[in-house]
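Take a look at the sequence and the 3D structure below.

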Amino acid sequence: MNPHFEERNGVRVFIHGGQPQQPRLLDCEVPDCEELRVVLPLACNVAQGLLQALEGRRYRSAVGRILCGGAAHLSYHRMVTTTDQQRPYDYGQAVVLDGYITFVSGALTVGRDAHGAPLLHCHAGFIDRDGQQHGGHLVLDRLVVGSEPLVLRLCLFDQVAYQVKPDAETHFNLLHPVFQEAS
Amino acid sequence: MNTAAIQSEAQVQSGRLGRLVVARLKPNEDIIDSAEALCASHGISLAVVRGGLGSLIDGELQYLGRSGMQDIHVPGPGVEILSLSGEIAPGASSLQAVLADADGKIFAGRLQRGRNLSFITVELTLQEWLPD
């Protein structure tokens, strides 16, 4: 199938290259969660600092927010068009920023890769030192805290993981909720 | 504005957060409709958004202006969700989002029902509110 747009009820929909699979909502229920507040210091690599903070804790995945803070260096991606017929949209080259960067929003998922290791997925909004707004897919292992500590809130849960798996409809590797006991 | 909803006294409710619903929305699913369907299928009457991350085909936000609700169109595809917050209640959900377009420009507002469809994926985590 060639990916293309259609209109349904006045709203644009996108038909991906792969066959749509049912059900359209995938979900798992967890009885409760553990709350964490993480403050990463200046010059800390965020991926390393966050994974270190989670080390030894009993959890399969987590979701959270960037509450406040700044960065001295970061790298993020925006969606671009490609020449790949089956995957006509993908993340483009990294946009790299240095200097004083102020976070204004951010969402974070800690999932699991194919080997069970933690996998970080983050989208955030921030303002550079010239006052320009930016937002997109943030690469946490290229994010260095700067100007002020970075404060994150996380909700950790056990028994269910956001597990990365290939998605036949979109041809992306995506996080899927699956039942899974903590190791 | 719905004047029937205006109350003269503050309402205070004590309670706690309960079960989590950890979900993925496949392409072309609306965020509000999906969140309400997830709550209904888990028997949850009120929930808060704990996590929301992914991309939309187009973003359709709104805010209350001097002449009524004003629309904000965020052209996609590949509108990134930078933040999602709010409450889910059957037929009366109110969700706010911060979005970025493909140029990295940021937009914020209230989500319009039925018009914010998942592009590649949306990771959505809800938690039920249990009043005392």
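## Chain A overall

Of the 183 residues in chain A, 34% count as buried. A residue is buried if 20 or more other C-beta atoms, placed from the backbone, lie within 10 Å of its own. The C-alpha trace of chain A spans about 50 × 45 × 30 Å along its principal axes. Its secondary structure comes to one helix and 15 strands. These are DSSP runs, numbered from the N terminus: helices are H or I with at least four residues, strands E with at least two.

The model is predicted: local features need pLDDT of at least 70, side-chain atom pairs count only at pLDDT 80 or more, and totals for chains, interfaces and linings use all residues. Residues are numbered from 1 along each chain as its sequence is written, while chains are lettered from A and ligands numbered from 1 in the order in which they are written.

## The helix

Helix α1 of chain A covers residues 46-54, and its buried residues are A:Val46, A:Gly49 and A:Leu50. They lie on the same side of α1(A), because they cover an arc of only 95 degrees around the axis. The arc is taken from the directions from the helix axis to the C-beta atoms.

After α1(A) comes A:Gly56, with a positive phi near 85 degrees.

## Where the chains meet

The contact takes 46 residues from chain A and 44 residues from chain B. Two residues are in contact if their C-beta atoms, placed from the backbone, lie within 7 Å. On the chain A side, strand β3 (residues 25-30) gives the largest share, six residues.

β3(A) pairs with strand β1 (residues 15-25) of chain B in the antiparallel sense, over six bridges. Pairing requires that DSSP finds at least two bridges between two strands. A:Val30 has B:Leu20 as its bridge partner in β1(B).

Notes
A residue is buried if 20 or more other C-beta atoms lie within 10 Å of its own, exposed if 12 or fewer, and partly exposed in between; C-beta atoms are placed from the backbone.
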